[in-house]
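Have the structure open beside you as you read.

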Amino acid sequence: MGTVAIYSLFIINKSGGLIYYKDYGSAGRMDTNDTLRLASLWHSMHAISQQLSPTLGCNGIDLLQAHNFDLHCFQSITGTKFFVVCETGAQNMEILLRTIYELYTEFVLKNPFYEMEMPIRCELFDVNLAQVIQKDRVALLGR
């Protein structure tokens, strides 16, 4: 029985700016510039996928599967994107992303000191996010 590896979480504003990043022990540590570049790249890929889609109504990338990781995305109606990088084949990441979005609305957007589109610095969000990630890891034991 092993735990599901959630490698990292990115929250990107509608302009493509990284407003939150959390590393959960991914193999390759990235510096700040690398995380900013990666967030910008994923925002651009999401936008390009909407334009390249052969069907109308494409909302961009929901899942990107690579050889040794999956990238799951949830986009809110305001354009804020929530990306989680996890081990290949991890289940229920859509539910996890929606839960993270709910935490974002509850603890970040309702915070009177938070300015929209700016980096997230909210202790209540961090604490509750850590609890959700830990709960998710425990719930997925033995899959």
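**Helix 1 and its neighbours**

The buried residues of helix 1 pack against strand 1 (6–12), strand 2 (18–23), strand 4 (70–75) and strand 5 (81–86). Those buried residues (under 20% relative accessible area, 1.4 Å probe, protein chains only) are Thr35, Ala39, Trp42, His43, His46 and Ser49. Seen down the helix axis, they fall within an arc of 125°, so they line one face of helix 1; the arc is taken from the directions from the axis to the C-beta atoms. An α-helix has 3.6 residues a turn, so residues three or four places apart point the same way. On the face turned away from the buried side, helix 1 carries the exposed residues Arg37, Gln51 and Leu52, where exposed means over 50%.

This is a predicted model, in which local features need pLDDT of at least 70 and side-chain atom pairs count only at pLDDT 80 or more, while totals for chains, interfaces and linings use all residues. Residues are numbered from 1 along each chain as its sequence is written, and side-chain values use heavy atoms, with hydrogens and water left out.

Stepping back, the chain follows the pattern β-β-α-β-β-β-α-α along its sequence; helices (H or I, at least four residues) and strands (E, at least two) are DSSP runs, numbered from the N terminus.

Now look at helix 3 (residues 123–139), where you will find Asn128. Asn128 counts as buried because its relative accessibility is 18%. Leaving aside neighbours within four places in sequence, Asn128 is in contact (heavy atoms within 4.5 Å) with Leu103 and Phe107.
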